[in-house]
Amino acid sequence: MNDLDYGKRNKRGDWSPNGKLEVAPMWRKPFSLKAVLKWIPDFLFPWSTFHLATTLLYWFFVIPDVDTMKTLSWDWGLYLLAVNMACVFVFYGAFEYLLYRKRTQANDFKYNGKFPNDSKSDVFWFNDQHIDNFLRTFIFSVPLWTLVEVLFLYAFAAGMVPWVSWTDNPYYLAGLMLLAPAIHEAHFFCIHWVMHQEPVYKWVHKIHHNSINPTPWSSLSMHPVEGFLYHAVAFWHLIIPSNPVVAIYQLHMAGFGAINGHFGFERIKLGKSGKYIPSEAYPHYLHHKYFDVNYGGEGLVPLDQWAGTWHDGTKEGDALMAARFKKKKEKMAAKAGS
Ligand SMILES: [Zn+2]
Ligand SMILES: [Zn+2]
């Protein structure tokens, strides 16, 4: 597979895909049932299925029994923290090691021609993006992910919220699981947009944006406020009648799914098989590159399109963004002048 059959590389060595990013087919005009049916496998595989698999592994092999979780205690909290840390280390670490240390696919499908470890920057701890991002992930984000997890598991186990059972309501819960990616996008869009407003941006979200050329370790490199709000998406299942399995799925979609926006590559090569999996990283890569675009995800809920902040990766997308920045600048100048 040659990446130039799927995109182009500029003089700086940055690769970009052909075609344009599109919102989910339900929102495109004119509506096409064929397009929706064609999209369903991409919606389910490989990432949603992966999150479902980790959810089930956790539920059956990791999560303590309900009686234990009826009482808040450090025992099971620290145990969950240890498991989460180990899983994040293996999952994120494997991609980081292969793509950025060993560089197994070199610049194949790589958006930014440069590798962050080829240069130092004083915005990072120890002047090193990888070390900085790695430490922030383990010092702040994974403990906050675990805190969210402990709190909602306790709320379910202690009977503080309704526990909808799979036996009585299988279709409702399956429907809720299908809705989980949409809940994720809507939640992320809202907290993310707020974090881009001053002074919240410079206090909180700037840390995440230090990584202009993100790698897997950048995914959860967040200020603690962001680390908590981001994973708090699972708390929606304390408001919507739900089940802890669905809440764990929602949490994993945030925690493990954060990698999707930060691979830095359009496709990930699977060993020597010659097969690639899609990273789904381009919309969020454009967010790291251009900053004031693509606050949500891939357009499953087209909030960016409705807000006028959608960048589809084309020249037209560039022009729309430039026009919006110009308007914003004029507005600010007028405000300063009056
Ligand atoms: Zn941002
Ligand atoms: Zn990001």
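Predicted model: local features only at pLDDT ≥ 70, side-chain atom pairs only at ≥ 80, totals over all residues.
Helix α6, which covers residues 170–195, and helix α10, which covers residues 244–255, have axes that come within 10 Å and cross at roughly 25°. Because angles under 35 degrees count as roughly parallel, α6 is roughly parallel to α10. The crossing in which α6 passes α10 is right-handed. On the side of α6, the contact is made by Leu173, Leu176, Met177, Ala180, Pro181, Ile183 and His184, while α10 contributes Val246, Tyr249, Gln250, Met253 and Ala254. Sorted by class, this contact of α6 with α10 holds 10 nonpolar and two polar residues, and no charged ones.

A second pair is formed by helix α5 (residues 129–157) and helix α8 (residues 224–231), whose axes lie 8 Å apart and which pack at an angle of about 35°. The crossing of α5 and α8 is right-handed. Here Phe140, Ser141, Leu144, Trp145 and Val148 of α5 meet Pro224, Gly227, Phe228 and His231 of α8, and the residues of this contact divide into six nonpolar, three polar and no charged.

| Helix pair | Angle | Axes |
|---|---|---|
| α6 and α10 | roughly 25° | within 10 Å |
| α5 and α8 | about 35° | 8 Å apart |

Turning to the strands, β3 (residues 267–270) and β4 (residues 275–278) run antiparallel and are joined by four bridges. Within this pairing, lysine 269 has tyrosine 276 in β4 as its bridge partner. The two strands, β3 and β4, form a hairpin with four residues between them, and in the turn glycine 271 has a positive phi of about 55°.

Methods
Residues numbered from 1 in each chain as written. Chains lettered and ligands numbered in written order. Axes fitted to C-alpha atoms, helices over the stretch in contact; angles between N-to-C directions. Parallel < 35°, antiparallel > 145°, perpendicular 65-115°, else oblique. Left-handed = near helix turned anticlockwise from the far one by under 90°. Contact = placed C-beta atoms within 7 Å. Nonpolar A, V, L, I, M, F, W, Y, C, P; charged D, E, K, R; others polar. Pairing = 2+ DSSP bridges.
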